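Look at the sequence and the model together, and keep both in view while reading.

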Amino acid sequence: MSDLITLIANVSLALSFLAALIFGLAQVKAAGRDRRERLTLETLRAFQTREFAELMDFVNSHRFPKSREEAQALSSIDNVMLIEFSQKMESLGILVAEGLIDMDLVDKTLGNYVTMTWNKYKIFIVPTRERDTYLNEYYQWLAERMEERAKNNPREPYYKQLH
């Protein structure tokens, strides 16, 4: 009789441990999903500000330097704008590369703008890499992935999906 009670107690203990393990794994997964959703919302907000719109306007309307020397000859304000935009794109590239932000989000919010702006930047960034090998590496990586994605698997505009 005591063997049966011991067996029941051990089975109950094992089942309790298994239930706690399953619950714990579900909680970790949910916390990861929540963290990713919060980061996605924060990223969306960061790219929907007046400041970012000003950076986009700057990138769209200014002639880009063709060398490091031309970049250094820019006004301080223009130089800061160039650097700030590339830092934002570098940060976005890091978030995508690390799996913290989904490439779909970038495609839906910025689309080919990432590639278009990288094409403007790379004229003076790539030669500058003789001094800093890692300069804008994630920005370049993101632009190349976006270009591959647009070519190999273009996304249909959402408004066309409604019909």
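A residue is called buried when its relative accessible area is under 20%, exposed when it is over 50%, and partly exposed in between, using a 1.4 Å probe and protein chains only. The model is predicted, so local features need a pLDDT of at least 70 and side-chain atom pairs count only at pLDDT 80 or more, while totals for chains, interfaces and linings use all residues. Residues are numbered from 1 along each chain as its sequence is written, and side-chain values use heavy atoms, with hydrogens and water left out.

Start with the charged side chains. Side chains of opposite charge can pair when their charged atoms come close. A salt bridge here is a side-chain nitrogen of Lys or Arg within 4 Å of a carboxyl oxygen of Asp or Glu. By this rule there are 7 salt bridges.

One of them joins R149 to D104, with the closest N and O atoms 1.9 Å apart. R149 is in helix 7 (residues 137-152) and D104 is in helix 5, so this pair ties together parts that lie 45 residues apart in sequence. Helices are DSSP runs of H or I with at least four residues, numbered from the N terminus. R149 is partly exposed at 23% relative accessibility, and D104 is partly exposed at 33%.

Another salt bridge pairs R145 with E144, and here the closest N and O atoms are 3.9 Å apart. R145 is partly exposed, with 22% relative accessibility, and E144 is partly exposed, with 32%. Salt bridges with shared partners also link D104, D107, R149 and R155 into one network.

E70 and R63 form a salt bridge too, at 3.4 Å from N to O. Which of the two classes, exposed or partly exposed, applies to R63? R63 is exposed, with a relative accessible area of 61%, whereas E70 is partly exposed at 32%.

Next come the spaces. Rolling a probe the size of a water molecule over the atoms shows where empty space is left. On a 1 Å grid over the protein atoms alone, a cavity is a set of points where a 1.4 Å probe fits but cannot get out; a pocket is an open set with protein on both sides within 12 Å along at least five of seven lines; lining residues have an atom within 4 Å of a point.

The structure has 1 cavity of 30 Å³ or more. The largest cavity holds about 40 Å³ of space, and its lining consists of T43, L44, F47, L92, L105, V106 and T109. Helix 1 (2-46) and helix 5 (103-109) each supply at least two of the lining residues, and helix 5 gives the most, with 3 residues.

The largest pocket has a volume of about 280 Å³. Its lining is made of 14 residues, and N79, I83, F124, I125 and L135 lie nearest its centre. Helix 3 (68-72), helix 4 (76-97) and helix 6 (113-128) each supply at least two lining residues, with the largest share, 5 residues, coming from helix 4.

What remains is the surface. Patches are made of residues with over 30% relative accessible area and no salt bridge; like charges are joined within 9 Å, and nonpolar side chains (Val, Leu, Ile, Met, Phe, Trp, Tyr) within 5 Å. A nonpolar patch with about 1300 Å² of accessible area together includes M1, L4, I5 and L7. I5 is in helix 1 and is exposed at 53% relative accessibility.

Definitions and conventions
Points joined across faces, edges and corners; volume = space filled by probe spheres on them. Areas by Shrake-Rupley, 256 points an atom, 1.4 Å probe, with all protein chains shown as cover.
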